[in-house]
Amino acid sequence: MITAVNCTQSSTTTAYKPLPNTLISFTAESMCNVLNCKARPMANITLPELLLFIERVAERSRIDAVTGVVALMYVYRLKVKLPPKAQGEYGTSHRIFLSSLLVASKFLYGKEGLNNRMMAEASGVFSAQQVCKMERELLELLNYNVWVNDVDVQEFLEKYKSELCCI
């Protein structure tokens, strides 16, 4: 069970546990299914393969499984809101992942959570200004509906338990 007000992401209170491989793989698969993205790269940006990017960002930002699951919940909320034939630019999946992780961390941990500069550094690709823009755009697309409670998380985990192998 999670309780947003009782969670802390401080690495001083507990040892960091990397995200389970099943959660990383399910996240990568989920990101690929949000919308079709163009193969043409954006100017002056080369992105790593999505799975590698997710692994790298998760490790560098030291997120926990709860943050990863809440971020996934935001991705699924976004997917429902998008038109069926929505198409993104090259890197859109990377951007959605990064911004959903940032918003989840801020929701769960407040000032103790990740910030835009940290996420830019963890990405190794995007600037803090770009991360800020991604966060704002995601929040607008979600109509600022970022509230998640224990029941929401439990229902999400129950729905996707076979894919997540009961993390």
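Colleague: How do you know that the span of H4 agrees with its 18 residues?

Modeller: In this predicted model, the 18 residues of H4 should span 26 Å at 1.5 Å a residue, and the end C-alpha atoms of H4 are 25 Å apart, which agrees. Just after H4, Gly 110 takes a positive phi of about 55°.

Colleague: What makes H4 largely enclosed by the rest of the structure?

Modeller: Buried means under 20% relative accessible area, and 16 of the 18 residues of H4 are buried, so H4 is largely enclosed.

Colleague: Why is Thr 27 called buried?

Modeller: Thr 27 has a relative accessible area of 7%, and the cut-off for buried is under 20%, so Thr 27 is buried. Thr 27 has its place in helix H1 and, leaving aside residues up to four places away in sequence, touches Ile 54, Leu 72 and Phe 97.

Colleague: Which residues line the largest cavity, and what is the make-up of that lining by class?

Modeller: A search of the whole structure finds one cavity of 30 Å³ or more, and about 60 Å³ of space lies in the largest cavity. Its lining includes Thr 27, Leu 72 and Phe 97, along with Leu 19, Met 31 and Ser 100 among others. Two or more lining residues come from each of helix H1 (21–32), helix H3 (65–81) and H4, and H3 gives the most, with four residues. By class, the lining of the largest cavity has nine nonpolar, three polar and no charged residues.

Colleague: Which elements each supply at least two residues of the lining of the second largest pocket?

Modeller: The second largest pocket holds about 340 Å³ of space, and of the 17 residues that line it, Thr 92, Arg 95, Ile 96, Glu 137 and Leu 141 are the closest to its centre. Strand S2 (87–88), helix H4 (92–109) and helix H6 (128–141) each supply at least two residues of this lining, which by class has 10 nonpolar, four polar and three charged residues.

Conventions: Residues are numbered from 1 along each chain as its sequence is written. This is a predicted model: local features need pLDDT of at least 70, side-chain atom pairs count only at pLDDT 80 or more; totals for chains, interfaces and linings use all residues. Side-chain values use heavy atoms; hydrogens and water are left out. On a 1 Å grid over the protein atoms alone, a cavity is a set of points where a 1.4 Å probe fits but cannot get out, and a pocket is an open set with protein on both sides within 12 Å along at least five of seven lines; lining residues have an atom within 4 Å of a point. Grid points are joined across faces, edges and corners, and a volume is the space filled by probe spheres set on the points. Ala, Val, Leu, Ile, Met, Phe, Trp, Tyr, Cys and Pro count as nonpolar, Asp, Glu, Lys and Arg as charged, and the others, Gly among them, as polar. The expected span of a helix is 1.5 Å times one less than its number of residues. Buried means under 20% relative accessible area, exposed over 50%, partly exposed in between (1.4 Å probe, protein chains only). Contact means heavy atoms within 4.5 Å.
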